[in-house]
Amino acid sequence: MIQPKLTTFDVAMIVVSLVIGVGIFRTPAIVAQSAGSATVFFAAWVAGGFVSLCGALTYAEIGARYHFPGGFYKLISTAFHPVFAFMLNWVIVLTYGAGLAGVALIGAEYINPLLPVSLQTRAGVQGTVIATVLFFFVINYLGIKSSARLQNILSSLKIVLMALLCLGVVIAPGTEVAPVVTHPSSLDTHNFFSAFAVSLIAVFYTYGGYQQTLNFGADIKDPVRNTPRGILIGMAIVIGLYLCINYAYYHQLGFAGLINSKLIAADLARALFGDWGFTFVSVAIFISVLGYINATLLSLPRVFYAMADDGVLPPIFKKVNERTQVQEFTLVFITVVVLASLLVLGTFEKIVSYVMSIDSLALASAAASIFVFRHRVRGNDPHTGYKIRLYPWIPLVFILFLLAVSVNVIVSDPVPAAIGWGLFFSGAPLYWLLKKVF
């Protein structure tokens, strides 16, 4: 039986680490290349922040209403159908496991140049990933509260380090805004919106992750009050940091620098702090990666719990240690999947396309559950906690935007998106097979 252990602050810090992984240190360059102009670049980040805020408000009400373990899966299953929920979530579990390995790999590539020369090899980088994942496996195995305490420390450090990068732009001497580079085609209205739409794919990937907070429904103390507060506080911090650091990138490097930078955060830190800037940003990115790994290992087991509760996974996946509140077998299983993913990972950009098409559909489906639940209660709604203002417009904006992103991913990068959709549709026969077996 899962017992609530997490506070509002715990939830907010989990949100920060689930959202701020490694994307903000990589995707701004991708967004700039897609945007073609500073105007489109900033419009995409502002729009992404606005839509993510709509999503946070939507999930805040959902989280206040329903407190399921593995809530993201259970919400879709309850509102629509278990088969549809399984089809979405088994792909998400696979992609998130692979995504976690990819993020850990990038973190190791940043930190290993600061380690002894013997570790500055491909084998050394993979060794760092393995050691990091196993370290957080042990922390999570010890108990959900010990993991949450470490999460609070890592998230706080992450906020401070990103704030220092932003503050460095203000206090650094001799910085000037480089001229805005605008591609001629971006002046055309059609091309403006086309560039804007493509830019939003990477932007929204970078803003994503907070939806996993719903998986902690049964772990949060006083969830009617603490879930919406934690989600909204966490997302307010994220949106503020993202807008500030993107301005810092542009202010210090110029738009041309944004487009041409391979390691944009390192280039910014070097411009601000000199030769030791690379050391600073390497540590900042590695801490960010550590927080993401820990938060994901906290979240994913609860999805397996919900699937096992529906009888599509063996009962052992929902077995919880009463003292530590840890699903020990599930945590071992996920750790093995993550480490195995190291052998088959593609590029970071391909991971974005694999994840975003199906992930956008899953996010939209979870958000749409609010319409189903409100319709079922109609005028006799017993819920007295947080409710969205401007309903139904706020969730509608969020859902329509997500569906547009999903279609845009298919159009702009069809091959990895097709693989993701193939896995999605294969989930239906797999569901019935597992249901029959278990």
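**A tour of a kinked helix and its salt bridges**

Start with helix α9, residues 223–260. A straight helix of 38 residues would span 56 Å at 1.5 Å a residue, but α9 spans only 45 Å between its end C-alpha atoms. Now select L253. A kink of about 105° in α9 is centred there. Keep in mind that this is a predicted model.

Next, turn to the charged pairs. The structure holds five salt bridges.

Select E61 and R65. An α-helix has 3.6 residues a turn, so residues three or four places apart point the same way. Color by accessibility: E61 and R65 are both buried.

Move on to D310 and K74. D310 lies in the loop between α11 (277–309) and α12 (328–341), while K74 belongs to helix α4 (residues 71–79), so the pair ties together parts that are 236 residues apart in sequence. Buried or exposed? Both D310 and K74 are buried.

Step to D309 and K318. K318 counts as partly exposed, at 27% relative accessibility. D309 is partly exposed too, with a relative accessible area of 40%.

Finally, select K74, D309, D310 and K318 together. These residues are linked in a network of salt bridges.

Technical notes
Residues numbered from 1 in each chain as written. Predicted model: local features only at pLDDT ≥ 70, side-chain atom pairs only at ≥ 80, totals over all residues. Heavy atoms only, no water. Helix = DSSP H or I, 4+ residues; strand = E, 2+ residues; numbered from the N terminus. Expected span 1.5 Å × (residues − 1). Bend = angle between axes of the 7 residues up to and from the residue. Salt bridge = Lys/Arg side-chain N within 4 Å of Asp/Glu carboxyl O. Buried < 20%, exposed > 50% of the residue type's maximum accessible area, 1.4 Å probe, protein only.
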